[in-house]
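Please examine the structure shown here alongside its sequence.

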Amino acid sequence: MAKAITGFSLIELFVLGGVTMWPLLFFSIAALAITLERIVYLIYHSLKLDDLKEVVDDAIRNNKLPQAREFLEKISKRRIGAEILLTLVNRSDLTEPMLEKAVESQAQKSIASLENGLNLLTVLGSVSPLTGFLGTVTGMIGAFKAISEASEVNAQIVANGIYEALITTVYGLIIAIFAMSAHAIFTHIADQFTAGIESACSDLIVNISAARGKNET
């Protein structure tokens, strides 16, 4: 279908794009690989928090933290929120400021794993169009070189250089749009989880402090 529309197959377009198409090919594969890896990661690791918060909150109110600990340990490998709340339960004997620091430290580690690879998507989104523009410059240089060496100037003489200039620009922009769109989506997901876990931990720490006060009286 692509050949019928444009008159060129993808392989022919790749060849017309010149040497610059090779790094662009690498960038496109890298962006796609990172995106697929993040999708698989998010499918495997549930970011749901409501049920976890409910279990821990119930355990705090009924003095059943060992049961909550056992529940969280079983699912901590597949639930990022469970990792963080498990730290909260395990360190619940600390003072409120110390408990907040312990939970914050674990949250930073867990969220870092959630954001793994996003910086590379940013780099690919920045480098790809620049590489495409480099191909544009080299293509135009080739076109002007062909003009300077020709005794008679016609469109066919400069066609290859113009093809290289336009194709690399288009490919570079397509890769950049894909990489930056994926980065924006994954960042939004990470930000939502961060806000959710901060709110949940804050509420649970307050409840732990309140339950501790009741037990001391």
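**A helix and its surroundings**

Helices here are DSSP runs (H or I, at least four residues), numbered from the N terminus. The model is predicted: local features need pLDDT of at least 70, side-chain atom pairs count only at pLDDT 80 or more, and totals for chains, interfaces and linings use all residues. Residues are numbered from 1 along each chain as its sequence is written, and side-chain values use heavy atoms, leaving out hydrogens and water.

In H4, Leu52, Val56, Asp57, Ala59 and Ile60 are buried (under 20% relative accessible area, with exposed meaning over 50% and partly exposed in between; 1.4 Å probe, protein chains only). Seen down the axis of H4, the buried residues fall within an arc of 160° and so line one face of the helix; the arc is that of the directions from the helix axis to the C-beta atoms. Asp50, Glu54 and Arg61, on the other side of H4, are exposed.

Asn63 lies in the loop between H4 and H5. Although Asn63 is not a glycine, its phi is positive, at about 55°. Most residues other than glycine have a negative phi. Asn63 is exposed, with a relative accessible area of 64%.

Val56 of the sequence also belongs to the largest nonpolar core, which has 31 residues (a set of buried Ala, Val, Leu, Ile, Met, Phe, Trp, Tyr and Cys residues joined through side-chain atoms within 4.5 Å). H4, H5, H6, H7 and H9 each supply at least two residues of this core, and the largest share, 8 residues, comes from H9.
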